[in-house]
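Here are my notes on the model you sent over.

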Amino acid sequence: MGTGEADRGAWLLVLGFVFGCNVLRILLPSFSAFVSRVLQQDAEQESQMRAEIQDMKQELATVNMMDEFARYARLERKINKMTDKLKTHGTAFWPRQRGPQDRCVKARAAQSAKIKWAMSVAFYVLQAALMISLIWKYYSVPVAVVPSKWITPLDRLVAFPTRVAGGVGITCWILVCNKVVAIVLHPFS
């Protein structure tokens, strides 16, 4: 395959990259939510541990300390052990009063927002690098050549940066592809 054949396929290559980037942009929130969930698996384990501690505390409330001291002490040690395990499990504050659980939820929400933000930034940087590399590679080759009279008032703008009369430059092609793909994919977003 010669360079002429490769250059003729540039329009398809650009369209494919633009389509792929727009599909990824639509899927980005779902993907970042999945990553956030995977990174925060501990939340489910912590909630199970909290539920177990609450159950043990309810059982402890029903046990008479004077009559069943051994059972009472065993349950109390179990609760203390589970509480310590929960503290070292990643929760900075064990809720002795109202509020610290809310801080954990807020911390998780903040971490999730950071993950989503970082993934969005990474995606857009990658997309920009990809588009700039395509523009760099095909800056002198028109993606397509159409009769000049079709684009007469804007022929230099459409041909940028190729300077070929009637040519469609890579930058114009990327803009057109982005708009068309965005319109086509709009119902799915």
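The points below run from the overall fold to single side chains.

1. Ground rules. This is a predicted model, so local features need pLDDT of at least 70 and side-chain atom pairs count only at pLDDT 80 or more, while totals for chains, interfaces and linings use all residues. Numbering starts from 1 along each chain as its sequence is written, and side-chain values use heavy atoms, with hydrogens and water left out.

2. Overall layout. The secondary structure comes to 7 helices and 2 strands, where helices (H or I, at least four residues) and strands (E, at least two) are DSSP runs numbered from the N terminus. Along the sequence the pattern reads α-α-α-α-α-β-α-β-α. Of the 189 residues, 29% are buried; the cut-offs are under 20% relative accessible area for buried, over 50% for exposed and partly exposed in between (1.4 Å probe, protein chains only).

3. The largest core. Which residues touch the most other members of the largest nonpolar core? They are Val14, Val18, Met131, Leu134, Ile170 and Ile174, out of 14 residues. A nonpolar core here is a set of buried Ala, Val, Leu, Ile, Met, Phe, Trp, Tyr and Cys residues joined through side-chain atoms within 4.5 Å. At least two residues each come from α2 (10-39), α5 (100-137) and α7 (170-185), and α7 gives the most, with 5 residues. Apart from this core lies another of 10 residues, including Ile53, Leu75, Ile79 and Leu86. As background, nonpolar side chains tend to be buried together in soluble globular proteins.

4. As for α7, its buried residues are Ile170, Cys172, Ile174, Cys177, Val181 and Leu185. The helix has 16 residues and reaches 22 Å from first C-alpha to last, close to the 22 Å expected at 1.5 Å a residue (the expected span being 1.5 Å times one less than the number of residues).

5. Cysteines. How many disulfides does a search of the whole structure find? The count is 0, with a disulfide taken as a pair of cysteine sulfur atoms within 2.5 Å. For Cys172, the closest cysteine sulfur is in Cys177, 9.3 Å away and so too far for a bond. Cys172 is buried at 19% relative accessible area, and Cys21 is buried too, at 8%.

6. Aromatic pairs. There are 2 of them, by a rule that pairs rings of Phe, Tyr and Trp (its six-membered ring) if their centres lie within 6.5 Å; planes under 30 degrees apart are stacked, over 60 edge-to-face and the rest tilted. Phe123 and Tyr124 are edge-to-face, at 5.1 Å centre to centre and 70 degrees between the planes. Phe123 is buried at 9%, whereas Tyr124 is partly exposed at 40%. Trp136 and Tyr139 make a tilted pair, at 6.4 Å and 45 degrees. Here Trp136 is exposed at 69% and Tyr139 partly exposed at 47%.

7. The loop between α6 and β2. Have a look at Pro161, found between α6 (155-159) and β2 (167-168): the peptide bond from Phe160 to Pro161 is cis, with omega near 0 degrees. Thr162 sits in that loop too and is buried at 10%. Not counting residues up to four places away in sequence, Thr162 touches Tyr139, Ser140, Val141, Pro142 and Gly169. Arg163, also in the loop between α6 and β2, is exposed at 82%. Arg163 and Tyr139 are 24 residues apart in sequence and 9.7 Å apart in space, C-alpha to C-alpha.

8. Two threonines. The side chain of Thr162 reaches the backbone oxygen of Ala159 at 2.5 Å. Thr83, in helix α4 (residues 69-88), is buried at 8%, and a polar atom of its side chain lies 2.7 Å from the backbone oxygen of Ile79. Polar contacts are pairs of N or O atoms within 3.5 Å; within protein, one must be able to donate a hydrogen and the other to accept it, and residues adjacent in sequence count only if both atoms are side-chain atoms.

Terms used: Contact = heavy atoms within 4.5 Å.
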